[in-house]
Amino acid sequence: MNKKNLISVSSFACISAFVLSTTVSAAPFEVLHWWTEPGELQSKQVLVDHLKVNDIEFEDFAIVGGGGDGAIHVLQMRALSGTPPEAAQIKGPDITEWNKLSMLVSIDKLVDTRAWTNFLPEVVIDHVSVDHEYMGVPINIHRVNWLWLNTKIFKRFGLAAPTTWKQFFAVADFIQAKGVKPLSMGGTPWQDALLFESVAISVLGPENYIKAFVHFDNNVINSVAMVDAFKLFKRLHRYTSIAQQGQDWFWASQSFINDQAAMFFMGDWVKGSWTAAGKEALKDYRCVPAPGTDGVFSYNIDSFVLFKKVNTDIEQANQKIFVDTLISPEFQIDFSVAKGSIPARQNVDLSRFDSCSKQSAYDFDHKTKVPSFTQNMATSSHQQGQIIQLISDYFNSESLSAEEAVQQLDVMVKALTSK
Ligand code: BGC
């Protein structure tokens, strides 16, 4: 990365924010998001504080619900009634969908984005651009294919981290036989699908995973390997319980971090809530890639879009400050330290980050990157929602076979893409 450019861009951000802050009065700036769990609240506060320094008064539009399903529906209603917020947490292909409605502000027309290519990875640029125009501001990168190991329980039994599914089942069954819960799991459809996503990456391999879940390739969807992925996924159901049904990811993470369960599958936003509770990487938990996915980084990029409003000078100036703040290295570092992610910007100082984030940054550069389909990175949330429901129904059904589920997926995907 070109350091000269990094310095000039970050100072541009600060200077422009300073100049504008002398002329613009603090006006409420409404931001829709779904950060409502402890770690998320701390990171949201980082955003609030950074905006405040630049004279922007953050107006909270928080919709409870991990994964953002609820938030998207509420946003749709607000947009339809002509009162969208100033900014919203919209990611991946949904940015293109919203852009079709001509409701979004072009970031290129708002601020000088020419230097962004110097510090944003290509994959990040692709996910926030529509036809080479920035329509979203990327702030961080989460890794989704993590398996978290409880340090105390693994030490007590002298267990090594499982790297294959065979080892995973052996370790889980051993722990269960000792009377300890092997796996903590939440009970909402997107959490079931998040687990399936890692299984699918490992069984199909990254190339076929992308063919199936990004390009909806019917040959891969209708393959023996896909049936195998569904079968392996179903074997994990034995570690679930009725009590977890409907449980949010944060509550599921609690039994893991409080030493009542040995393992947990979740994206690294969960680390933010553990940091907020004073828990530490290595001492309290370890992070390893989900079994069979060592060479792969399943990514989730958080970004914000801006809505076209009345467009007074003040409103436009505030949107500009919002973008300049979000893209600055200072904000991206502070935010990701609290959130459990890594900054969307490359070559930033990682000295304040824990070992899991450092590994994440290294793996992002060195492993095969695949978009997380459960985190709005592969398809629009409308398509994603239906696929997730099917995966979850299969996981929790006593009668649906893997072959039938794959058949249903095939039919669904054909309908979704009108092939
Ligand atoms: C978002 C994260 C958030 C997580 C749980 C993901 O879709 O990208 O920022 O922390 O959902 O709410």
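**Exercise 1. The sheet**

In what order do the four strands of the open sheet stand? Work out the order and the pairing in this predicted model.

Solution.

Step 1. The order is S8-S9-S7-S10, and the pairing is mixed.

Step 2. Strand S8 (181-184) and strand S10 (285-289) are at the edges; each has a single partner strand, so one side of each lacks a neighbour in the sheet. On average, neighbouring strands are turned by 25 degrees against each other, direction ignored.

Step 3. Take the pairs in turn. S8 pairs with strand S9 (residues 261-265) in the parallel sense, over three bridges. Lysine 181 is placed opposite alanine 261 in S9.

Step 4. S7 and S9 run antiparallel and are joined by three bridges. Here tryptophan 148 has phenylalanine 264 in S9 as its bridge partner.

Step 5. S7 and S10 are also paired in the antiparallel sense, over five bridges. Leucine 149 faces arginine 286 in S10.

**Exercise 2. Strand S7**

Decide which residues of S7 point one way and which the other, and state how far the strand is enclosed.

Solution.

Step 1. In a regular strand, side chains alternate between the two faces of the sheet.

Step 2. Trp146, Trp148 and Asn150 point one way from S7, while Leu147 and Leu149 point the other way.

Step 3. Buried means under 20% relative accessible area. Five of the five residues of S7 are buried, so the strand is largely enclosed by the rest of the structure.

**Exercise 3. Helices across the sheet**

Find the strands that helices H9 and H14 lie across.

Solution.

Step 1. Helix H9 (residues 165-177) lies across strand S7 (146-150), S8 and S9. Its direction is at about 145 degrees to S9.

Step 2. Helix H14 (residues 249-257) lies across S7, S8, S9 and S10. H14 runs at about 145 degrees to S9.

**Exercise 4. Two partners of helix H19**

Describe how H19 packs against H13 and against H10.

Solution.

Step 1. Two packed helices are described by the angle between their axes and the distance between the axes.

Step 2. For H13 and H19, the axes come within 9 Å and cross at roughly 55 degrees. H13 is therefore oblique to H19. The crossing of H13 past H19 is right-handed.

Step 3. H13 contributes Phe230, Lys231, Phe233 and Lys234 to this contact, and H19 contributes Ile391, Tyr394 and Phe395.

Step 4. Helix H10 (residues 189-204) packs on H19 at an angle of about 85 degrees, with the axes 8 Å apart. An angle of 65 to 115 degrees counts as roughly perpendicular, so H10 and H19 are roughly perpendicular to each other.

Step 5. On the H10 side the residues are Pro189, Trp190, Asp192, Ala193, Leu195 and Phe196. They meet Ile388, Gln389, Ile391, Ser392, Phe395 and Asn396 in H19.

**Exercise 5. Helix H20**

Compare the reach of H20 with the expected value, then list its buried residues and name helices that cover them.

Solution.

Step 1. Helix H20 (residues 402-417) has 16 residues. From first C-alpha to last it reaches 22 Å, close to the 22 Å expected at 1.5 Å a residue.

Step 2. Its buried residues are Ala402, Ala405, Val406, Leu409, Asp410, Met412, Val413 and Leu416.

Step 3. The cover over these residues includes helix H12 (218-221), helix H13 (224-235) and helix H19 (381-396).

Step 4. After H20 comes serine 418, with a positive phi near 50 degrees.

Definitions and conventions: Residues are numbered from 1 along each chain as its sequence is written. This is a predicted model: local features need pLDDT of at least 70, side-chain atom pairs count only at pLDDT 80 or more; totals for chains, interfaces and linings use all residues. Side-chain values use heavy atoms; hydrogens and water are left out. Helices (H or I, at least four residues) and strands (E, at least two) are DSSP runs, numbered from the N terminus. The expected span of a helix is 1.5 Å times one less than its number of residues. Buried means under 20% relative accessible area, exposed over 50%, partly exposed in between (1.4 Å probe, protein chains only). Contact means heavy atoms within 4.5 Å. Two strands pair if DSSP finds at least two bridges between them. Axes are lines fitted to C-alpha atoms, for helices over the stretch in contact, and angles run from 0 to 180 degrees between N-to-C directions. Angles under 35 degrees count as roughly parallel, over 145 as roughly antiparallel, 65 to 115 as roughly perpendicular and the rest as oblique. A crossing is left-handed if the near helix is turned anticlockwise from the far one by less than a right angle, and right-handed if clockwise.
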